Amino acid sequence: MEEDDIYTKDGTVDYKGNPANKKQTGTWRACPYIIGNEGCERLAYYGMSTNLVRYFKHRLNQHSAVASKNNLNWGGTCYITPLIGAFLADSYLGRYWTIACFSIIYIIGMTLLALSASVRGIRPRCYAEDNCNPTDTQSAMAFLALYLIALGTGGIKPCVSSYGADQFDDTEEREKKHKSSFFSWFYLSINIGALIAASVLVWVQDNVSWGWGFGIPAIAMAMAVCFFFSGTRLYRNQKPGGSTLTRLCQVLVASIRKYKVAVPDDKSLLYETADAEPNIKGSRKIDHTNDLSFFDKAAVETQTDQLKGSVNLWRFCTVTQVEELKAIIRLLPIWASGIIFSTVYSQMGSLFVLQGEKMDTRVGHSNFRIPPASLSIFDTLSVIFWVPIYDRIIVPVTRKFTGHKNGLTQLQRMGIGLFISIFTMVAAAILEHERLKMIRRHNYYELKEMPLTIFWQAPQYFLIGCAEVFTFIGQLEFFYEQAPDAMRSFCSALSLTTVALGSYLSSLLVTIVTSVTAKNGKLGWIPDNLNYGHIDYFFWLLAALSVLNLGLFVWIAKWYTYKRAVGTLR
């Protein structure tokens with residue numbers, strides 16, 4: 001019995017494939033390598049992406065609306081490709097090897113992008129600061145590099161946070177309580193990387209060269225890989241459980257095939273394996289839930305289900321397999337509510353930057369000018385401020401009132417973030433309204449920078465950072481906790497697709513708004529010269545959508561049924 005206590009009970013193994021030893025692997029001894037990897041990778045990603053809309057506009061010679069759409073579409077792709085990485089991690093490779101393989105693709109993309117911005121012949125030819133004439137081949141080279149990066153980051157993104165959480169045994173209460181803290185400090189490392197990117201690397205891109213501005217992130221990505229491999233001996237690894245997509249489809253097909261079969265009132269009659277472990281590698285059994293009962297038909301045994309001693313999984317599934325599908329379906333409405341939040345968040349890398357370009361970028365009365373994209377530093381500082389406040393103050397205080405071990409439930413935490421995001425758009429809209437009022441009053445239409453300091457943007461960045469700490473971290477933890485054991489990378493990827501769809505929705509809204517408002521000779525809400533536009537109306541539109549989204553989220557959260565895992569794997 002004492003020997004059993006040496007090993008984890010959640011099915012994790014060490015780097016040799018042996019049961020993971022509690023005292024030699026995992027917990028906070030392994031997490032610094034994962035957090036260090038994430039910090040460097042995010043430094044690389046944000047160092048390259050934060051100012052990308054300006055690279056499109058000023059080096060690839062694209063109009064404001066086109067640059068904004070291309071930036072949003074690429075950013076969206078970076079959050080769709082996680083579905084590929086998640087599928088491979090959960091089904092075949094495991095999280096460790098998925099991170100390792102896609103890191104190589106990531107480094108190739110980063111290197112190619114740096115070369116496309118620095119090597120004569122493949123970099124765009126520029127005659128002046130805003131006078132570049134890239135060839136189709138040069139533009140294609142840049143986009144090839146960017147979409148290799150999108151594939152690389154997609155393979156890594158859904159795995160790293162889940163891999164860090166895997167280092168804490170769910171069946172050990174002492175370890176489990178540290179998991180919520182891990183997600184907060186993990187997200188903090190993301191923002192430390194983003195802080196350096198927004199302050200130092202954006203300045204390098206604007207004042208030194210784009211070659212160095214993209215080259216340094218490539219070096220940071222190489223450091224991230226070194227961090228990751230350094231912790232190999234300390235990691236706990238979940239075994240891949242086979243094709244997640246196949247298992248979900250089997251339940252769906254079996255339910256439809258048995259649509260005439262009645263589900264018994266006694267749910268103990270539903271089929272489950274007699275062993276302590278289910279027939280899904282690396283997963284604990286999941287207790288039956290009463291909602292979505294149509295899918296229970298897949299676990300009802302009929303006379304033909306076990307002919308010749310074998311089970312046809314396309315006709316007959318276990319309760320755990322059925323509950324996997326139910327868990328995913330229950331997550332979908334919560335997932336959908338994150339799309340509007342991500343649409344608001346995506347403005348930080350597009351219209352907020354273009355808005356800042358038209359303001360006074362000087363720091364005080366000096367000649368030093370802050371790049372508009374560097375204002376995202378206030379978002380990062382906000383996150384760095386709020387993460388320890390939330391972890392060390394808000395959680396203990398709210399725990400006294402709610403009795404919940406984390407103070408607030410994950411859904412309550414996400415809802416507070418959605419509420420705060422409304423005020424982000426209100427602040428941005430009010431600032432733009434006042435900016436346009438000043439332009440009309442003083443006829444500043446053709447000024448490159450008007451005499452209104454860019455630091456008036458700080459409140460909208462600070463508010464979105466505060467909203468992130470509540471919504472994005474809550475979402476990370478929620479999708480990990482509510483995911484079936486063998487589908488955690490997939491559910492992490494699912495949560496990340498909200499960022500993709502938020503970017504795509506923002507791009508779609510820009511397209512619709514431009515086509516509707518730029519008619520009959522009118523310049524529309526988002527012209528090349530924003531001094532003639534009305535992006536304040538666009539921000540008010542997003543604020544209204546955010547209010548509707550919050551109302552729907554509260555309604556959805558009320559009926560959500562939580563997953564209940566049963567037993568251990570040792």
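Reader: Which residues have the most contacts inside the largest nonpolar core?

Author: In soluble globular proteins, nonpolar side chains tend to be buried together. In this predicted model, the largest nonpolar core holds 146 residues. Those with the most contacts inside this core are M48, W74, F214, I334, F538 and F539.

Reader: Which residues does I334 touch, apart from those up to four places away in sequence?

Author: With those neighbours set aside, I334 touches L411, M414, F478, F479, F553, I556 and Y560.

Reader: How many disulfides does the structure hold?

Author: A disulfide is a covalent bond between the sulfur atoms of two cysteines. The structure holds zero disulfides. For C40, the nearest cysteine sulfur belongs to C226 and is 9.1 Å away; a disulfide requires sulfur atoms within 2.5 Å. C159 is likewise in no disulfide, and the nearest cysteine sulfur, that of C101, lies 11 Å away.

Reader: Is C40 buried or exposed, and is C159 buried or exposed?

Author: C40 has a relative accessible area of 10% and is therefore buried, since the cut-off is under 20%. C159, at 0% relative accessibility, also counts as buried.

Reader: Where is D206 found, and which residues are in contact with D206 beyond four places in sequence?

Author: D206 belongs to helix 6, which covers residues 173–207. At 25% relative accessibility, D206 counts as partly exposed. Beyond its neighbours within four places in sequence, D206 is in contact with N51, R54, P371 and P372. D206 and P372 are 166 residues apart along the chain, yet their C-alpha atoms are separated by 9.9 Å.

How values were computed
Residues are numbered from 1 along each chain as its sequence is written. This is a predicted model: local features need pLDDT of at least 70, side-chain atom pairs count only at pLDDT 80 or more; totals for chains, interfaces and linings use all residues. Side-chain values use heavy atoms; hydrogens and water are left out. Buried means under 20% relative accessible area, exposed over 50%, partly exposed in between (1.4 Å probe, protein chains only). A nonpolar core is a set of buried Ala, Val, Leu, Ile, Met, Phe, Trp, Tyr and Cys residues joined through side-chain atoms within 4.5 Å. Contact means heavy atoms within 4.5 Å. Helices (H or I, at least four residues) and strands (E, at least two) are DSSP runs, numbered from the N terminus.
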